[in-house]
Amino acid sequence: MERCSPEDVGFSVKRLNRVDDFIVNCIESGAFPGAVLLIAKDGFIAYHKAFGFSMLVPDRRIMRIDMIFDLASITKPVVAATSAMILLERGLLRLDDPVCKYLPNFSGDGREDVTLMHLLTHTSGLPAWKPFYLTASSREDVFNLALSTGLERKPGEAVIYSDVGFIILTRIIEKLCGARIDEFAGSEIFTPLGVNDTMYNPPAELRERIAATEYCKFRGRIVWGEVHDENAYRMDGVSGHAGLFSTALDLAIFAQMMLNLGSYNGVRILSPRTVKLMTMNHTTDLGEARGLGWDVKSFGFSCGDLFSDKSYGHTGFTGTSLWIDPEARLIVIFLTNRVHPSRENTSIKDVRPKLHNVIAASLVR
């Protein structure tokens, strides 16, 4: 993506400068050690800066603009949902297919009524999370534990944001494409888009460019260059619910593909109809706004008050977020290491909507 001056795409530089002060104040108050913020408008990067530190302990390291972050749950829309929709476009699945059609062991106690649509919209009734890593010793063990998990609600009855559901979705995707999900996403999404810093299990030589995350009691060390999520760690670092690493620039390219209704730089990843289906609200009657793998703007979401009602995005537990406003043709990627050195720091929940308000208010045409 090419850069442009903020004025060229309708920003007030004076107003946009407030973003710098806002982030510096957040770092000084301890909300997160460091951040990379990228703002794109009309297909151009208008703002891309790094702040603070990528690591505080055991060493202090300055944040780089090309820093690679553990995206945590942003993996869900970028990898799992996109992969599922590619398979849908190829005629290999349908959204109303029951999960047990592909995974026969997932049945009994109402689980035979769970569909792929339920998994993608977090309406399966599966619990939010289970510590599979404590008893599992392999990736296969985690899949088996997920498939044996019972429902907390009837399918379609409520929105329960569920990592368990996306672990099961990962299993279905891998069964249908005949490859591990990282291999499929690499060949069908990342390589075609040319996003070379987007990957699972980044190699050791990239460690200096990777933001550190939490001191993990389970592993007995600061997590740096390996996946933070414990269940994904037990899955050899590869799952559709977590595990993806990337930079702000690479994420901007993916987001621009979505904003362009499925294509970027002459390469088509998804059809326009698919992107529209993924980013519409499928859970209106349940009082929440969920697309297919995406969050859709509603009251209380992290994109703040000034993004349009058609906005969609996602956040990650490690402190990452991506929001797209198709009405304004605006992309905001805000990557932090807020769990470093501890997940007990939850200030990011208050920071995100305020930051997005400052950014959106900087648009004057």
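**Entry 1: helices H2 and H5**

Which residues in H2 meet which residues in H5? I began here, keeping in mind that this is a predicted model, where local features need pLDDT of at least 70, side-chain atom pairs count only at pLDDT 80 or more, and totals for chains, interfaces and linings use all residues. I also noted that residues are numbered from 1 along each chain as its sequence is written, and that side-chain values use heavy atoms, with hydrogens and water left out.

On the H2 side I found Lys-76, Ala-80, Ser-83, Ala-84 and Leu-87, and they meet Asp-163, Phe-166, Leu-169, Ile-173, Leu-176 and Cys-177 in H5. Contact here means heavy atoms within 4.5 Å. Sorted by class, this contact has 8 nonpolar, 1 polar and 2 charged residues. For the classes, Ala, Val, Leu, Ile, Met, Phe, Trp, Tyr, Cys and Pro count as nonpolar, Asp, Glu, Lys and Arg as charged, and the others, Gly among them, as polar.

Next I looked up the geometry. H2 covers residues 75-89, and H2 packs against H5 at an angle of about 40°, with the axes 10 Å apart. Axes are lines fitted to C-alpha atoms, for helices over the stretch in contact, and angles run from 0 to 180 degrees between N-to-C directions. H2 and H5 are therefore oblique to each other. The cut-offs are under 35 degrees for roughly parallel, over 145 for roughly antiparallel, 65 to 115 for roughly perpendicular, and oblique for the rest. The crossing of H2 and H5 is left-handed, a word used if the near helix is turned anticlockwise from the far one by less than a right angle, with right-handed if clockwise. My labels are DSSP runs numbered from the N terminus: helices (H or I, at least four residues) and strands (E, at least two).

**Entry 2: H5 again, now with H4**

I stayed with H5, residues 163-177, and found that its axis and that of H4 come within 9 Å and cross at roughly 115°. This crossing is left-handed. From H4, I listed Arg-139, Glu-140, Val-142, Phe-143, Ala-146 and Leu-147, which meet Val-164, Ile-167, Ile-168, Thr-170, Arg-171 and Glu-174 in H5. The contact of H4 with H5 divides into 7 nonpolar, 1 polar and 4 charged residues.

**Entry 3: H1 and H10**

How far apart are the axes of H1 and H10? They are 8 Å apart, and H1 (residues 13-28) packs with H10 (residues 348-361) at an angle of about 160°. That makes the two roughly antiparallel. H1 passes H10 in a left-handed crossing. The contact is made by Arg-15, Arg-18, Val-19, Phe-22, Ile-23 and Cys-26 of H1 together with Val-351, Lys-354, Leu-355, Val-358, Ile-359 and Ala-361 of H10. I noted 9 nonpolar, no polar and 3 charged residues in this contact.

Ser-12 has a relative accessible area of 18%, so I wrote it down as buried (buried is under 20%, exposed over 50%, partly exposed in between, with a 1.4 Å probe and protein chains only). Leaving aside neighbours within four places in sequence, Ser-12 is in contact with Ser-362 and Val-364.

**Entry 4: cysteines**

How many disulfides does a search of the whole structure find? The search finds 0 (a disulfide is a pair of cysteine sulfur atoms within 2.5 Å). For Cys-26, the nearest cysteine sulfur belongs to Cys-303 and is 17 Å away. Cys-26 counts as buried at 8% relative accessibility, whereas Cys-100 counts as partly exposed at 21%.

**Entry 5: Ser-124**

I found Ser-124 in the loop between H3 (116-120) and H4 (139-147). Is Ser-124 buried or exposed? It counts as buried, at 1% relative accessibility. Not counting residues up to four places away in sequence, Ser-124 touches Val-114, His-118, Leu-119, Leu-151, Arg-153 and Pro-155. The C-alpha atoms of Ser-124 and Arg-153 are separated by 7.8 Å, with the two residues 29 apart along the chain.

**Entry 6: backbone notes**

Most residues other than glycine have a negative phi, and most peptide bonds are trans. I looked for exceptions.

- The peptide bond from Val-57 to Pro-58 is cis, with omega near 0°, and Pro-58 is in the loop between E2 (44-55) and E3 (61-62).
- His-340 and Pro-341 are also joined by a cis peptide bond, and Pro-341 is in the loop between E14 (330-336) and H10.
- Asn-201 has a positive phi near 45° and is partly exposed at 38%.
- Asn-265 has a positive phi of about 50° and counts as exposed at 70%.
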